[in-house]
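This note is meant for a colleague who is opening the model for the opening discussion. Please keep the sequence and the structure in view while reading.

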Amino acid sequence: MSDDKKVIFSMVRVNKTTPTGKHILKDIYLSFFYGAKIGIIGNNGAGKSTVMKIIAGLDEAYQGEVVWSDGYTVGYLSQEPELDEAKTVREVVEEGTQEIVDVLKEYEEINMKFMDEEILNDPDKMQKLMDRQAAVQDKIDALDAWELDTKLSIAMDALRCPPDDQKIAELSGGERRRVALCRLLLQQPDVLLLDEPTNHL
């Protein structure tokens, strides 16, 4: 069965109440196929964000059954994304490609070690370092990591992100959401959950 014909998520008779006993959700049923585009509509305070947090696995204080098929990744954009205000736009967006950032950093660190006298004078250590460099190079090639700058530039331009060296603390609400969405899309999750995606935009 192809993924677009397969139910990958089910929510069965989900209930959620506040500590005071107020029902936020009552007997919610929801299922969807891979690739489905679903909108959750309701008045303010109806529990839309709560449903999305439960789907994303961020809220486990509920009664009922929530089941994901194995092997699917989920990305969630909240109404007010939490971003590190000390970082720049580029640094936050890079978090969406953390695996690539990490492997490039390791490659740079390996190359620096080739200038270490201790390694230069020890054939065994030199061979070990060369073997590790080759393994990291293979990973870089597999991830197409050398194209990271181009990939980030295209993504930030497409979402009209602020300048990459601008601090998060200086951004408006809409700019923060664009940066957070850019980071999320670069992670390439199988399922996107967007809470009020056009808010402030």
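The numbered points below go from the model and its confidence to the fold, the strands, the aromatic rings and the backbone.

1. Basis of the note. The model is predicted, so that local features require pLDDT of at least 70 and side-chain atom pairs count only at pLDDT 80 or more, while totals for chains, interfaces and linings use all residues. Residues are numbered from 1 along each chain as its sequence is written, and side-chain values use heavy atoms, with hydrogens and water left out.

2. Confidence. The mean pLDDT (the predictor's confidence in each residue, from 0 to 100) is 93 for the protein, and 96% of the residues score at least 70. Confidence is lowest in S2, with a mean of 93, and highest in helix H2 (residues 89-94), at 97.

3. Domain 1 covers 7-72 and domain 2 covers 89-188, with bounds that come from an automatic or database domain assignment. The C-alpha centres of the two domains lie 35 Å apart.

4. Overall shape. The C-alpha trace spans about 70 × 45 × 35 Å along its principal axes. Among contacts (heavy atoms within 4.5 Å) with a separation of 6 or more, 66% are between residues 24 or more positions apart.

5. Strand S1 (residues 7-17) and S2 run antiparallel and are joined by seven bridges; two strands pair if DSSP finds at least two bridges between them. Phe 9 stands opposite Phe 32 in S2. The hairpin has five residues between its strands, and Gly 21 in this hairpin takes a positive phi near 95 degrees.

6. Aromatic pairs. How many aromatic pairs does a search of the whole structure find? The search finds five, where rings of Phe, Tyr and Trp (its six-membered ring) pair if their centres lie within 6.5 Å, and planes under 30 degrees apart count as stacked, over 60 as edge-to-face and the rest as tilted. The rings of Tyr 34 and Tyr 72 have centres 5.6 Å apart and planes at 40 degrees, so this pair is tilted. Tyr 34 is in the loop between strand S2 (23-33) and helix H1 (48-56), and Tyr 72 in the loop between strand S3 (63-68) and strand S4 (74-77), so the pair ties together parts that are 38 residues apart in sequence. Ring pairs also link Phe 9, Phe 32 and Trp 68 into a cluster.

7. Burial. Buried means under 20% relative accessible area, exposed over 50%, and partly exposed in between (1.4 Å probe, protein chains only). Tyr 34 is partly exposed at 30%, whereas Tyr 72 is buried at 16%. Buried residues make up 33% of the 201 residues.

8. Backbone points to check. Asp 27, in strand S2, has a positive phi of about 50 degrees although it is not a glycine. Asp 27 is partly exposed, at 34% relative accessibility. Gln 188, likewise not a glycine, has a positive phi of about 55 degrees and is exposed at 58%.

Note on methods:
Helix = DSSP H or I, 4+ residues; strand = E, 2+ residues; numbered from the N terminus.
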